[in-house]
Amino acid sequence: MPDHRAYRREIARKNRNLHYEKVFARSVIKDLPKKPCEKCLEQGIRNMDVEGHHDDYKKPYDVRWLCKYHHEMVDTALDKGRRNEKVS
């Protein structure tokens with residue numbers, strides 16, 4: 001039977017760097033100038049009520065500006081993709 005505590009320690013060690021990357025990426029967003037939602041612009045709408053989205057937390061200055069609606073759509077699609085990768 002595998003040692004559950006050792007397994008949890010290993011998972012925590014792997015996720016520690018990701019946590020710091022997320023925290024730093026979120027702090028960077030505050031200093032960047034906001035742009036209109038990129039998805040709304042494709043539809044000809046200039047929506048400035050936006051949130052920053054990171055596709056990769058290792059690239060904190062690579063931010064996509066999305067309105068709340070499109071941000072949730074992108075995150076949902078990413079979550080589904082991650083679940084499908086784990087299953088296959």
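Modeller: Happy to, and let's begin at the surface: Tyr61 counts as exposed, at 58% relative accessibility. Exposed means over 50% relative accessible area, buried under 20%, and partly exposed in between, with a 1.4 Å probe and protein chains only. Before you ask more, this is a predicted model, where local features need pLDDT of at least 70, side-chain atom pairs count only at pLDDT 80 or more, and totals for chains, interfaces and linings use all residues. Residues are numbered from 1 along each chain as its sequence is written, and side-chain values use heavy atoms, with hydrogens and water left out.

Biologist: In which way do the rings of Phe24 and Tyr61 pair?

Modeller: Rings of Phe, Tyr and Trp (its six-membered ring) pair if their centres lie within 6.5 Å; planes under 30 degrees apart are stacked, over 60 edge-to-face, and the rest tilted. The count comes to one aromatic pair by this rule. The centres of the Phe24 and Tyr61 rings are 6.5 Å apart and their planes sit at 80°, so the pair is edge-to-face.

Biologist: How many residues apart in sequence are the parts that this pair ties together?

Modeller: Helices (H or I, at least four residues) and strands (E, at least two) are DSSP runs, numbered from the N terminus. Phe24 is partly exposed, at 43% relative accessible area. Phe24 lies in helix α1 and Tyr61 in the loop between β1 and β2, so the parts tied together are separated in sequence by 37 residues.

Biologist: Is strand β2 largely enclosed or open?

Modeller: Look at both sides of the strand: Val63, Trp65 and Cys67 point one way from β2, Arg64 and Leu66 point the other way, and all are buried. That makes five of the five residues of β2 (residues 63-67) buried, so the strand is largely enclosed.

Biologist: How do β1 and β2 run, parallel or antiparallel?

Modeller: Two strands pair if DSSP finds at least two bridges between them. Here Glu51 stands opposite Leu66 in β2. Five bridges join β1 to β2, and the two strands run antiparallel.

Biologist: How many disulfides does the structure hold?

Modeller: A disulfide needs a pair of cysteine sulfur atoms within 2.5 Å. The sulfur of Cys37 is 3.7 Å from the closest cysteine sulfur, in Cys40, which is too far for a bond. Cys37 is buried at 0% relative accessible area, and Cys40 is buried at 7%. The number of disulfides is zero.
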